Amino acid sequence: MKKGGILFLGPSETIGDLDSEFDCFDRHWKIFIKLRNVRLAQSAPTTLRSPLGNTIHSRPSYVSTATRLERTWVIPEAHEDLMQRYVPPSVLVNEHNEVVHTFGDARKILLQPGGRMTLDVTKMVSREMGTALGAGLVQLKSGKGPIVFNDVISETTDGVQSYKVILEKFPKSIDKIYLIIFEKNEAPVRIDTGDHIEIEVDPDDVTAERIRLLERELQYTKNNLQSAVEELETSNEELQSTNEELVASNEELQSTNEELHSVNEELHTVNVEHQRKIDELMQITADMDSLLKNSHVGILFLDTKLRIRRFTPPVQNVFHIIEQDVGRPIQHLAHKLIDVNLLDVINSAVMDNQRIELRAHINGGGAMSDSL
């Protein structure tokens, strides 16, 4: 698999010991990205041998008879050995300044600080080296080219050393990856080891060296401070833009609130008017009910589908009707009228849209004049 290749695994598969060779893109769906363009070790497939092959032995040879697949095991090991010997200590870090991979003998420079474990490269080096790396990474993230710091003093496992630090963006990665190279300067840094060795030291040279170190540290600090100021200015501009958008949104909400208040007042006025009309209709309905109940006239109200809507109590002398019959068709009710087809009379009045009057007798004696 080439560098940057995508590896998909099944739900019960893992990358095992090759975790350092891949970057996890999605842990849940097990999607990984190849970090280096090197061939990884593979296990040769097991082949079945015939019984004859187990009994006949070939003559031993000093010429390598390994298969091509077996010889590829040596390439990554040789590659790692050459990098350990000749490649300067280097590290790859992500956009969060966390160490992704190391090259060469970087373990002499990277030391885990006391307390909580961290992968932040600026915290895994000496104070002066951390200041330089922090300032350089900030400048890289702002879009500047390769950053070079000369003669940076760092404490290592071999003592205090002077390094030339090169920081540049790694262009062959789909993620934001930065490469940091530590090139050891030839001139060693002399420190007092505590041994009883008499060395003639010129005070002026010591003072000049101390001033040079302080000036270099001040320059690193200024670069780091300038980068922090630039980030704060950018954040301030974004916050100011966000504040202006919030002010505009607040004004729009205030205008909308005023419009809603005006609409609410109009709805309140309409509601009061509707309530007044409802009260008038209720009063008219109550008057109509009182009039019908006290008129002593049998009246039966039907709708367009000849269903009962309302009736007065005297109509019960003609129809067998009760309160539960409201909503039933008129043809479902029996009446006491003699020789009158009431349904035909009603249909004729509806079709002709005219008033029909007739005189009829009811069972039990008496005559009644009906008006439709």
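A: A salt bridge here is a side-chain nitrogen of Lys or Arg within 4 Å of a carboxyl oxygen of Asp or Glu. This is a predicted model, in which local features need pLDDT of at least 70 and side-chain atom pairs count only at pLDDT 80 or more, while totals for chains, interfaces and linings use all residues. Residues are numbered from 1 along each chain as its sequence is written, and side-chain values use heavy atoms, with hydrogens and water left out.

Q: What makes Glu273 and Arg276 a salt bridge?
A: The closest N and O atoms of Glu273 and Arg276 are 2.4 Å apart, and the limit is 4 Å, so the pair qualifies. Both residues lie in helix 5, 3 residues apart, about one turn of the helix; helices (H or I, at least four residues) and strands (E, at least two) are DSSP runs, numbered from the N terminus.

Q: Why is Glu273 called partly exposed?
A: Buried means under 20% relative accessible area, exposed over 50%, and partly exposed in between, with a 1.4 Å probe and protein chains only. Glu273 has a relative accessible area of 36%, so the label is partly exposed. Arg276, at 37% relative accessibility, also counts as partly exposed.

Q: What makes Arg36 and Glu21 a salt bridge, and which parts of the chain does the pair link?
A: Their side chains meet at 2.5 Å, N to O, which is within the 4 Å limit. The pair links distant parts of the chain, with Arg36 in the loop between strand 3 (31-34) and helix 1 (51-55), and Glu21 in the loop between strand 1 (6-8) and strand 2 (22-26), 15 residues apart. Arg36 has a relative accessible area of 11% and is therefore buried, and Glu21, with 10%, is buried as well.

Q: How do you know whether Asp325 and Arg328 are buried or partly exposed?
A: Asp325 has a relative accessible area of 6%, so Asp325 is buried, whereas Arg328, with 34%, is partly exposed. The two form a salt bridge, their closest N and O atoms being 2.8 Å apart.

Q: Why are the buried residues of helix 6 said to be on the same side of helix 6?
A: The buried residues of helix 6 (residues 342-352) are Leu342, Val345, Ile346 and Ala349. They cover an arc of only 100 degrees around the axis, so they lie on the same side of helix 6; the arc is that of the directions from the helix axis to the C-beta atoms.
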